[in-house]
Structures are given as C-alpha cells and as structure tokens.
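This report looks at how charged side chains pair in the structure shown below, and then at the arrangement of its strands and helices.

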Amino acid sequence: MQTTICPGKGPEAATLGLKLVEWNFGPLCKRVVKSLVHHGRQSLKELRSTSELKKDALQLALMVLIQQNCVDVNVQPLSPSGKEEYTYEANIPRILQIIRIPLFLHIIDHVLPKEHREVKKIVLQTLFHHGRMTVDQIVEHALQSSSSTEDVLRDCIRDLVHRRLIERAPLCSLPPAPDTVHVRAQKRRSANRSHDDEEEGANLIARARERRNQSSLRFCWDMNEDDASESKRRKKKRKHEDMENASSAILWRVNFEECNRRLYNSLAIDLFEKHVGGASRKVVEAILYADEQEAELSDGGVAPIMHDSSFVSQQDVLKASKEIHAVHLKASDIKEVLEACRDHDAGDAVLTAHGKSLPPLSSCIQTNGNIRFRTTEALRIARHLSLLAIIEQRFGSSARRVWNMLYLGGQMEQKAIATESMLHNGEAREVLYAMLRNGFVTLQDVPRNADRAPSRTFYTWRAPLDMATIRATIMLYRTANNLLSRMAHETSTNSELLRRVHLVNQGRMDASQLNASQLHKLKATVRITESALIDIESQIAIFS
C-alpha cells in the first residue's frame, strides 16, 4: 500500500515523517504512525486491526507518540455505538518539525534577553526531549543540568509562557477539528432532512466553541487567570477538567507555531544581512523585538506564523537593541541601513507587461517616521532566489536564465525564448524539456485547426511559480529522505562498533579496544550528514 499524501506536503514528506519516527522512537512507533497515515483517524479498536499489534504494545507506542505530540487524541462524540470514544490521528506536520529543533534552539538563543538565557535554553531543551511535562517535572529535570535555584527555574518557565514559546498541551477530551469537504464532494440532502441538518450544525458549533474555549487557555499561567476569564456556566461544565487544571497536573509543551515564526524571521534577517551587510542584522532584529514587546495580543491569541511587524519608533528600536545585543545602536546606523536598502536590489527588478518583478530589498522596510519590517516580502524574495539557485544547480545557468525570463515575461514560444535568452535553438529546447520532465515549466499547445496537427499548432511555454515551488519542495524532501537512509545505513553497518562504544561509556570495556580510525570516520560521516540535513530543512522552511 502506498503512503497517502500529506496535506500540503506530498508523499515524500509523509515518508520522511515515518523515517523520523523510526529513527527517534523505534520501529514499533513507526508501525502505528504508518497505519494512521494510511487509514486516517481511527479508534483504538480500528488501530489494533490495521496495525496488527497486540493491545499492550499498541498502547505503549501510543503513549510515547502522544507524549511527543506526534499523535493527536480527540473524543469522537458521535460513534456508531452511540458512546463517546477516543480517536487517534497522526500529526505529520508536527513530526517533520523534529529536524528543525537544532535550528529552533540556535535562533531562540539569539533572540532571548541575556538574563537567564542559558537557563531558559535548558528548559526548552528539556521540553523538546521529553514532549509534554508538568512544571514540577520540568524543574526536576532542569535542575540536573543547571545550577540555578528552583525559584529561578519557575520564573524562567513563566517568562517562556509569557513569550508564547511554551503552551498548555491540549486536553484529550476535546472533539476533533471538523473535516473540510469540498463543495463538489458534499452529498445533496433531501428536504425532509432539514431537522437533521440543524442538529448537525448545532453539534459542529458546540464542538468549535469547546475547542475555542480551550485555545483561549493556551498561555494562562495562574489559575486565577483562568477563573477570571471563564463564565459561571462554563465553570460548571468543566467539572471533569478540574484535575487537569490543578497547577501540578497541567501539562506544558513547546509552542512550535511560535518557534516557526521566529525561524521565518531569522531566514528573512539572513537574506537581509547577506545582501545589505553592515548593521542590518542588528537593526532588523531590534525592530522585530520592539514589535514583539509592544504587541497587544488578546487572551490566548497567537500571532500568525508569518506576519509583518507593526510600525515602531526609532527610540524603541534603539532600546530593544540594547536589551538583546547589549550594544548601543545609533540613529545614524538605522539611516545607513535604510539608504543601503534603497540602493540595493536582490535580483533583476525588471517590471514586465504582466506586472511581475522581483522587488528590491527596500520594499522589506517601510518608514513613515516610524519603522516597519515586512517579513512576508523578505521571504518571498528569499523563496524566489532559492528556487533560482536550485534550478541552476540541477539544470545549469542557462536553465536559470530561461526560467527567470519565462516567469517575468509570461507565455512564450521556443524560438522567442532562444532569441531572448541568447541560446541556440537546440540548447534552449534541451533545457526546456529537462525542466518540463521535472515539473518546473509547462507546455501548452494552441492548434489552428481541429485536427491538432503539429505543423499547424503553436507550442508555448510558461513558468508557474507555485508549481515550481512545489516541485522544489518535493526534491528537498527526497534529498532529506536519502540523507536519513544514509545515516541508518552507517548505523547498521557499524552496529558492533556502536555496541562497544556503549560498553566503554558504561565502564565495562577499555577504550583502547576500540578501532579509533573507524570510530573517527563514523563520527565524521554522521556529523556531515546531520549538518546537510539541517541545511536542507532550512531550505524546506523557506518553501513551506
């Protein structure tokens, strides 16, 4: 049976997710996730049938996957038996975030204030490793790696919740999110079923309200905040959640939405620093930090994963720079960065008749007395430049020139493409068909007669950005799959060496009995492979 397509990612992403589960949690967990990916949301009884696992082994695997936020648990209110039953669903987008954890830690280490930065990093590392934990469990594990006191650790956890880097884990008693069905796939209902439709609509509204009420508590730290935000009627309905709401029983986890938002900000800043240089990184980081400090989010509100900052004053930017960098930026530094942006262009900013162009970096910063950084615009430029780099690396520099010209110029014939790109007709044809086979360009035939004879048909080429982006993402996922396969091969080939290393770490074998050259070669291979995997994931983040 083939792996089903992961929404918005494709089968390559689902395959990568299964490999990550096997690599981190073992083959038993992979078997459970594979069954959930193939068959969708299932109850425990259905999962036992499809996975062909014994009940004890299945429950153990599910506990690990739920603890690591790889499987979502919900209560299905309308089951065939008329009773509520728990359903399980694989969270492939969350599983794919495992590769980004080193990126998240590196970025968060640079954006947090210097005070207790190492302690907060240890707290996040603990949650990344263990998944869901109570505050007491976090403190207990963090004390083993930190010399800070328990009060300092609790204050750091509270600060991370305030910064929305940590959130409450969702309750397992929530109803599942409603499935989105295309209009053409919806069944027509007869007129005498209006009562059933009204009842179904009321159930959907009630389930959405329950999920929304729980979402509003994601970043509530004290129980007093919960009591103030809830109505009396809501409190009566939540008797079964009293144990969950006890301060010692609330489970916390890393908020990957906020981590991804900071990752996208970092990618935009990297582009800015690469093309502008100077103090551009510090200026943009200060703008984003000042915007974060001034953001007025409602209770439980979460900023979108990719969003532009609001306008902040120069004084706030200078103050923010002092907090995160411990250096004093000057107003002249900000002025120099703005002037460098106006004079610099990240690509060929040729406006065509179709209105397409790659805007200069000056469009990423807006000023009207105050300053604003447009993250979405910077990521759009980074995505375009990364796509051109992938095309050049795979098909050559001529293909890059042809694709960029097609994107800016719209639909063109092969002869016009060869003329404008200064290529021979045969070379242009070879480049175009190579990109066509890989899905980066499309070919459309425009017949002059109904017989569609090739001699009486125009063939035009087009370079759609969305389709090329999807194909580049699939290629990156396939590369990540190959890198994980290489790591698994190296591990299995050197299993005896790894067993001896484990014995040496336990003190049961002398280190002189190890093959030093073989161990050094294995470490170098794994280090290079892991580094390449993180680089690939940073590219995937640009396109996703």
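## Salt bridges across the model

A search of the whole structure, which is a predicted model, finds 21 salt bridges. Side chains of opposite charge can pair when their charged atoms come close.

## Pairs within one helix

In helix α14, which spans residues 256-276, E258 and R261 are three residues apart, so that about one helical turn separates them. Their side chains meet in a salt bridge, with a distance of 2.6 Å from N to O, and both E258 and R261 are buried.

A second pair lies in helix α18 (residues 375-395), where E377 and R380 are again three residues apart and are separated by about one helical turn. The salt bridge between the side chains of E377 and R380 has an N to O distance of 3.1 Å. The accessibility of the two partners is as follows: E377 has a relative accessible area of 11% and is therefore buried, being under the 20% limit, whereas R380, with a relative accessible area of 34%, is partly exposed.

Three strands make up an open sheet with antiparallel pairing, and their order is β1-β3-β2. The strands at the edges, each of which pairs on one side only, are β1 (42-43) and β2 (71-76). Between β2 and strand β3 (residues 85-90), which run antiparallel, there are six bridges; in one case, D72 has E89 in β3 as its bridge partner.

Helix α4 (residues 55-67) packs on the sheet and touches β2 and β3, and its direction makes about 105 degrees with that of β2. Helix α2 (residues 27-39) lies across β1, β2 and β3, and runs at about 95 degrees to β3.

Conventions:
Residues are numbered from 1 along each chain as its sequence is written. This is a predicted model: local features need pLDDT of at least 70, side-chain atom pairs count only at pLDDT 80 or more; totals for chains, interfaces and linings use all residues. Side-chain values use heavy atoms; hydrogens and water are left out. A salt bridge is a side-chain nitrogen of Lys or Arg within 4 Å of a carboxyl oxygen of Asp or Glu. Helices (H or I, at least four residues) and strands (E, at least two) are DSSP runs, numbered from the N terminus. Buried means under 20% relative accessible area, exposed over 50%, partly exposed in between (1.4 Å probe, protein chains only). Two strands pair if DSSP finds at least two bridges between them. Contact means heavy atoms within 4.5 Å. Axes are lines fitted to C-alpha atoms, for helices over the stretch in contact, and angles run from 0 to 180 degrees between N-to-C directions.
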